[in-house]
Amino acid sequence: MKAKKALKRLDKIETMLSNVIDRVPENTDGLGELLGSAKAAIARAKQTVNSQAKSAKKPASKAGAPQRGRLTAAGRKKISVAAKKRWAAAKRKGINPVTGRQLGKTA
């Protein structure tokens with residue numbers, strides 16, 4: 001549960017406990033004391049959630065994303081070899097490798 005939501009719920013509980021404590025007669029056997037300790041526990045819980053929320057608000061650091069767009073020498077070599085193979089195959093078929101049109105015949 002998020003800290004803000006938890007604080008809202010704890011506030012509601014504390015308010016309801018206060019209302020109950022105000023309505024309970026003082027001559028009951030330890031009931032007021034029990035409710036008072038419950039209210040104190042709620043106050044401690046609010047403090048804990050509040051302190052955790054403040055410490056959790058640090059900005060998240062970005063994960064180191066791998067850099068792309070840079071070819072290694074081996075990668076460049078593979079691309080070059082593949083392109084030369086495609087060009088040779090196109091030339092054997094009589095097609096321009098760039099435009100895909102038939103090559104003109106020369107005398």
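I call a residue buried under 20% relative accessible area, exposed over 50% and partly exposed in between, using a 1.4 Å probe and protein chains only. I am working from a predicted model, where local features need pLDDT of at least 70, side-chain atom pairs count only at pLDDT 80 or more, and totals for chains, interfaces and linings use all residues. Residues are numbered from 1 along each chain as its sequence is written, and side-chain values use heavy atoms, with hydrogens and water left out.

**Entry 1: salt bridges**

I searched the whole structure and found 2 salt bridges (a side-chain nitrogen of Lys or Arg within 4 Å of a carboxyl oxygen of Asp or Glu). One joins D11 to K46, with the closest N and O atoms 2.5 Å apart. D11 sits in helix α1 and K46 in helix α2, 35 residues apart (helices are DSSP runs of H or I, at least four residues, numbered from the N terminus).

I then looked up accessibility: D11 is partly exposed at 35%, and K46 is partly exposed at 21%.

E14 and K46 form a salt bridge too, at 2.9 Å from N to O. E14 is in α1 and K46 in α2, so this pair ties together parts 32 residues apart in sequence. Through shared partners, D11, E14 and K46 belong to one network.

**Entry 2: the helix pair**

Next I checked how α1 (residues 3–23) meets α2 (residues 31–55): their axes come within 10 Å and cross at roughly 165° (axes are lines fitted to C-alpha atoms over the stretch in contact, with angles from 0 to 180 degrees between N-to-C directions). That makes the two helices roughly antiparallel (over 145 degrees).

Methods: Angles under 35 degrees count as roughly parallel, over 145 as roughly antiparallel, 65 to 115 as roughly perpendicular and the rest as oblique.
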